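Visitor: I have a structure here and some questions about it. Could you take me through a few of its features?

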Amino acid sequence: MARGLALVILIGLVAGLIVRIVVRPIRVAADTSEKLAAGQLEVRIPERGEDVISTLARSFNGMADSMQSQITQLAELSQVQQRFVSDVSHELRTPLTTIRLAGDVLYDQRESFPPATGRTAELLHTQTERFELLLSDLLEISRFDAGSAHLDTEPTNLVRLAEDAIDQMQSLAEKAGSQLRLVAPGGYFEAEVDGRRIRRIVRNLLGNAIEHGEGKPIVVSVDSDQHAVALSVRDYGSGMSEAEAERVFDRFWRADPSRKRTIGGTGLGLAISLEDATLHGGALEVWSRPGAGSCFRLTLPRVQSEPVGESPLPLQPQDAFGPAPAVAELRPPAGVDHA
Ligand SMILES: Nc1ncnc2c1ncn2[C@@H]1O[C@H](COP(=O)(O)OP(=O)(O)OP(=O)(O)O)[C@@H](O)[C@H]1O
Ligand SMILES: [Mg+2]
């Protein structure tokens, strides 16, 4: 009996010792690596004695040291690059303004030049315009990278905003042969958003839809629920493969860089749109199939810093693989369908 008790106590002591020597340090190591993985780069395992566990702690800490210094180095390098882009863009603004003014003078007098020179003045004019657009996009991107982009929110009616954007793009759509239609079945359309940023997103989505819509109709839908407002732009044009759709928000990415463009064309539009949506705590997503067209959906919280939850609009359109709606269904072009 007494021997049995002694054995139990002995087993207990040995188990306690094993916990002290082996299990506890492993737990500390596990906690420390979790903290490291969560971004607390300065945490280390306490190093005591010369046993195997301490050797393990030392090499773990060595690994953490080298990781921390490499991450710091990379972060510094990335900051230098961001500052470089921002500085170059700012520096280019002054000479570009001068070129623009001189170009405008030549452009205004192009009729009086011999045809070849007149054509050169026109070329200078359009390319300077593109250059200015690219530069303002670059400045905007560098503001996002520097974390200095801020929201200037006010209660905004998304349907009215969509109507204005459609009006602005109407002539471009007509030139491409596309009808623009707005579908807004009713609900809470007011949301606390930065109107300038959201207008820019919608204009870019419409511009892209017109550019790639192959003259087929384009449907803008707006819907909302208690928590979120959503706006989607659906076209029935060329569409994209899965691999292309995955890259669509990458900076400077264009499916076909050699394609002749009627508007824009730097490949920064959707990258900026995504940053703008994220700044609102919202989302910008894409559905696309080759030959069936694309649908871009923007979802925004109705009140800042509140979670969006599920979007009030589907990402995959109900007519995903059906034909484009007949033009007759689309009149009046910018009519609002209230259910
Ligand atoms: N609705 C669409 N249908 C098919 N392809 C699209 C559509 N929208 C975007 N894309 C593809 O994604 C690319 C990137 O679009 P994004 O708006 O970022 O740049 P962009 O329109 O080329 O130039 P910009 O900077 O002037 O907007 C486009 O060049 C095009 O290849
Ligand atoms: Mg674009």
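This is a predicted model: local features need pLDDT of at least 70, side-chain atom pairs count only at pLDDT 80 or more; totals for chains, interfaces and linings use all residues.

Visitor: Is Asn204 buried or exposed?

Guide: A residue counts as buried when its relative accessible area is under 20%. For Asn204 that area is 19%, so Asn204 is buried.

Visitor: How are helix H2 and helix H3 oriented to each other, roughly parallel or roughly antiparallel?

Guide: H2 covers residues 52-108 and H3 covers residues 115-145; their axes are 9 Å apart, at an angle of about 155°. An angle over 145 degrees counts as roughly antiparallel. Therefore H2 and H3 are roughly antiparallel.

Visitor: How many nonpolar residues are in the contact of H2 with H3?

Guide: The crossing of these two helices is left-handed. By class, their contact has eight polar residues, seven charged ones and, as asked, nonpolar residues numbering 12.

Visitor: Which residue with a positive phi follows H7?

Guide: Helix H7 spans residues 269-279, and its buried residues include Leu270 and Ile272. Among the elements covering the buried residues of H7 are H3, H5 and strand S6 (283-289). After H7 comes a residue with phi near 80°, and that residue is Gly281.

Note on methods:
Residues are numbered from 1 along each chain as its sequence is written. Chains are lettered from A and ligands numbered from 1 in the order in which they are written. Side-chain values use heavy atoms; hydrogens and water are left out. Buried means under 20% relative accessible area, exposed over 50%, partly exposed in between (1.4 Å probe, protein chains only). Axes are lines fitted to C-alpha atoms, for helices over the stretch in contact, and angles run from 0 to 180 degrees between N-to-C directions. Helices (H or I, at least four residues) and strands (E, at least two) are DSSP runs, numbered from the N terminus. Angles under 35 degrees count as roughly parallel, over 145 as roughly antiparallel, 65 to 115 as roughly perpendicular and the rest as oblique. A crossing is left-handed if the near helix is turned anticlockwise from the far one by less than a right angle, and right-handed if clockwise. Ala, Val, Leu, Ile, Met, Phe, Trp, Tyr, Cys and Pro count as nonpolar, Asp, Glu, Lys and Arg as charged, and the others, Gly among them, as polar. Contact means heavy atoms within 4.5 Å.
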